[in-house]
Amino acid sequence: MTEKNLVDSHHVKLVTVYASSSAALKPVYYDAARRLGETLASAGKAIIYGAGGQGLMGSVADGALARNGQVYGVVPEFLKNLELTHSGLTGLKVVKEMRERKQLMLEDSDAVVALPGGSGTYEELFEALTMKRLGHWVGPVIIVNTNGFYDGLLQFMEYSVEERFMGRNHLKMWSVVDEPEQVLDAIDNSHGWDADALQYANVTAANA
Ligand code: AMP
């Protein structure tokens, strides 16, 4: 596996953002989400996300659009009908189901950023990490740990390594930042990863 930092955020054009749909969070979370949108748009990065108009999803999109960023949404038909979809997006793709959406959100993406969220966000984050572990998608994954929200999960992932469910090298699949303004530096400093990751996907006595 490549040991050098290979990713240069200047080459990152499209960033996938996973984020909560909740409209009942503390203000600190919406503020960080909005700043992530502003940061990415100001750096000329396009965003692809779940198309939500509320929650942290809505704040990311609003922040990016306010800075003239390009924001693309992918939404399954049944959610669109709930009228939760953001109305001001640069582009909206309507798909049949959640799986198709998840695939579309990741396949052309250069990097993934996860803000705090619930089961939907975890599923998306862990799908990206699993694809990365298997070498199918190899971009940077940045976790924005607003308000220490992910502390418990990050501890659990360390524990998974200690218990040898993952290898120590798998801890290099993601980076953690406290503030959204640190995301681009984290992309630049993220550990290089490539398709031969499959050779390291399984934990053995040699790589535990
Ligand atoms: P959660 O963290 O459980 O709120 O789920 C948010 C994540 O799942 C987002 O990144 C979306 O891609 C997807 N998602 C879940 N619920 C919705 C919704 N009501 N509208 C749009 N996307 C959603």
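## Who touches the ligand

A polar contact here is a pair of N or O atoms within 3.5 Å. With that in hand, let's look at the ligand in this predicted model. A polar atom in the side chain of Ser21 sits 2.7 Å from one of the ligand's oxygen atoms. On its own the ligand would expose 480 Å², and the protein buries 86% of that.

## The shell around it

How many residues surround the ligand? There are 15, and the closest are Ser21, Gly118, Gly120, Thr121 and Glu124. Sorted by class, the shell has five nonpolar, eight polar and two charged residues. Helix 5, which covers residues 119–133, gives the largest share of the shell, with four residues.

## The pocket it sits in

The ligand takes up the space of the largest pocket, which has a volume of about 330 Å³. Some 25 residues line that pocket, and Ala19, Ser21, Met57, Leu79 and Arg101 lie nearest its centre.

Which element supplies the largest share of the lining? Helix 5 does, with four residues. Strand 1 (14–18), helix 3 (77–80) and helix 4 (98–107) are also among the elements that each supply at least two. By class, the lining of the largest pocket comes out as ten nonpolar, twelve polar and three charged residues.

Key: Residues numbered from 1 in each chain as written. Predicted model: local features only at pLDDT ≥ 70, side-chain atom pairs only at ≥ 80, totals over all residues. Heavy atoms only, no water. Near = heavy atom within 4 Å. Polar contact = N/O pair within 3.5 Å; in protein donor to acceptor, adjacent residues only side chain to side chain. Areas by Shrake-Rupley, 256 points an atom, 1.4 Å probe, with all protein chains shown as cover. 1 Å grid on protein atoms, 1.4 Å probe; cavity = no way out; pocket = protein on both sides within 12 Å on 5 of 7 lines; lining within 4 Å. Sits in = over half its atoms within 2 Å of the grid points. Nonpolar A, V, L, I, M, F, W, Y, C, P; charged D, E, K, R; others polar. Points joined across faces, edges and corners; volume = space filled by probe spheres on them.
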